[in-house]
Amino acid sequence: MIKDTQGRFLRNLRVSVTDRCNLRCAYCMPEEEYVWLPREEILHFEEIGRLVDVFITLGVDKVRLTGGEPLLRRDVPRLIRLLAAKPALRDLAITSNGVLLGDQAASLKEAGLHRATVSLDTLRRERFTLLTRRDTHAQVLEGLTAVARAGFSDTKIDTVVMRGVNDDELADLIEYGRTVPAEVRFIEYMDVGGATRWSMDKVVSRKEMLERLSQRYGRVEPVIEVTTAPADRYRLPDGTVFGIISSTTEPFCSECDRSRLTADGLWYLCLYAQKGIDLRGPLRTGASDDELRALITGKWEARRDRGAEDRLALRDREPLLQVERLKRDPHLEMHTRGG
Ligand code: SAM
Ligand code: SF4
Ligand code: SF4
């Protein structure tokens, strides 16, 4: 186990398997056209497997596949099989926009995936089309049904809450989640990566969400648990549990055990980090496991990142990045570093 300068262990690795996406969510990919990572630079599954092995020896026991849309990468079940064969991984999950889950949920389950998180911001088709610029709402709902049918449990629905966009659907989403079944987690809108149209007045804080849900349901109790998971969980009077990820107004950097590996092998120590550490280079030029371990350990032990807390301390907060900067360095994009 390795610790950073703030005493935080490295336990959690998010692996982006592609930077491509079949949606264009306004808070993540507001442009229509993007420059994609060159194909030859994308890590092969065996290369991902080797890096995960090295990370495991340093304390990582949770891996989440993400992207871009991870299911756009060909034959993801093969990667899952490769990772599921590592007994040290206590948790092997995927975050998907759900569009392709109708076709793939059963094969992901069969390959050994432990659980799935599906992003869904609205239950209204027209709203979904406006927000994602693709008319595939029905596929996402079908994807969630397929996840349940395939026998997954502990499914989550992640919803980015934006004022004036979908903040009137909190209760509807909780009700829908019950039927799937899936636990809904409301994410505060963040000023990361492609969120070039972010502004603080569009953020609905955890406090406000709880007030609104208490008005609707009565007493909302916090679920008391000790965990480094980003969501704080709450229970409604009828027992339904939901989560809130308050990354913007009450960040949880002091407990952050997460890091991110991009599809082309750059390793980021924080969602807000400007620069990643190249692991593909050493991997492809024959570095030994010990050399990779030394590289990773040195960087983690020097880690000071508290990106969301630093952002919160700013006075006049604007979007983190503008389009031109993102075009010059696509690794700054959320869909490249993996949300
Ligand atoms: N395409 C997959 C999906 O949407 O689930 C996986 C990658 S996506 C970048 C991962 C998560 O990041 C999604 O749940 C998405 O809603 C979230 N996300 C992207 N931009 C965000 C923002 N500006 N604020 C908060 N969450 C954001
Ligand atoms: Fe939306 Fe996920 Fe695609 Fe970003 S990567 S545009 S959040 S589906
Ligand atoms: Fe972790 Fe950085 Fe997010 Fe803070 S902002 S929780 S340090 S990834």
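**Entry 1**

I began with strand E2, which is mostly covered, as 5 of its 6 residues are buried. I took buried to mean under 20% relative accessible area, exposed over 50%, and partly exposed in between, with a 1.4 Å probe and protein chains only. Helices (H or I, at least four residues) and strands (E, at least two) are DSSP runs, numbered from the N terminus. The model is a predicted one, in which local features need pLDDT of at least 70 and side-chain atom pairs count only at pLDDT 80 or more, while totals for chains, interfaces and linings use all residues. Residues are numbered from 1 along each chain as its sequence is written, chains are lettered from A and ligands numbered from 1 in the order in which they are written, and side-chain values use heavy atoms, with hydrogens and water left out.

I next looked up strand E1 (residues 12-18), where 7 of 7 residues are buried. E1 runs parallel to E2 (residues 62-67), and 6 bridges join them. I noted Val63 in E2 as the bridge partner of Leu13.

**Entry 1. The sheet**

In which order do the 12 strands stand in the open sheet? I read the order as E7-E8-E9-E6-E5-E4-E3-E2-E1-E10-E11-E12, with mixed pairing. Two strands pair if DSSP finds at least two bridges between them. Strands E7 (221-222) and E12 (277-278) stand at the edges, each with a single partner strand, so one side of each has no neighbour in the sheet.

I also checked strand E3 (residues 91-96), which pairs with strand E4 (residues 115-119) in the parallel sense over 4 bridges. Ser96 has Val118 as its bridge partner in E4.

**Entry 2. The core**

I recorded 99 residues in the largest nonpolar core; those with the most contacts inside it are Leu13, Phe55, Val63, Leu65, Phe186, Phe242 and Trp267. Helix H1 (residues 45-57) gives the most to this core, with 7 residues. By nonpolar core I mean a set of buried Ala, Val, Leu, Ile, Met, Phe, Trp, Tyr and Cys residues joined through side-chain atoms within 4.5 Å.

I then listed the contacts of Phe186, leaving aside neighbours within four places in sequence; among them are Thr159, Val161, Leu170, Met209, Leu213 and Phe242. Contact means heavy atoms within 4.5 Å.

**Entry 3. Helix H4**

Which residues of helix H4 (residues 125-132) are buried? I found Phe128, Leu131 and Thr132. They lie on the same side of H4 because they cover an arc of only 80° around the axis. The arc is that of the directions from the helix axis to the C-beta atoms. On the other side of H4, I found Glu126 and Leu130 exposed. Helix H5 (137-149) is included in what covers the buried residues of H4. Just after H4, Arg133 takes a positive phi of about 55°.

Is Asp61 buried or exposed? I found Asp61 buried, with a relative accessible area of 15%. Asp61 sits in the loop between H1 and E2. Leaving aside neighbours within four places in sequence, Asp61 is in contact with Arg11, Ala88, Leu89, Arg90 and Asp91.

I placed Arg258 in strand E10 (residues 258-261), buried with a relative accessible area of 4%. The C-alpha atoms of Arg258 and Leu10 are separated by 6.5 Å, although the two residues are 248 residues apart along the chain. Not counting residues up to four places away in sequence, Arg258 touches several residues, including Asn12, Arg14, Phe252, Trp300 and Arg303.

I placed Arg178 in helix H6 (residues 170-179), where Arg178 is partly exposed with a relative accessible area of 35%. Arg178 touches Asp238 and Thr240, not counting residues up to four places away in sequence. From Arg178 to Ala231 I noted 18 Å in space, C-alpha to C-alpha, and 53 residues in sequence.

**Entry 4. The ligands**

A residue is near a molecule if one of its heavy atoms lies within 4 Å of it. Ala, Val, Leu, Ile, Met, Phe, Trp, Tyr, Cys and Pro count as nonpolar, Asp, Glu, Lys and Arg as charged, and the others, Gly among them, as polar.

Around ligand 3 I found residues including Cys253, Cys256, Arg260, Cys270, Arg303 and Asp305. The shell around ligand 3 has 7 nonpolar, 1 polar and 3 charged residues.
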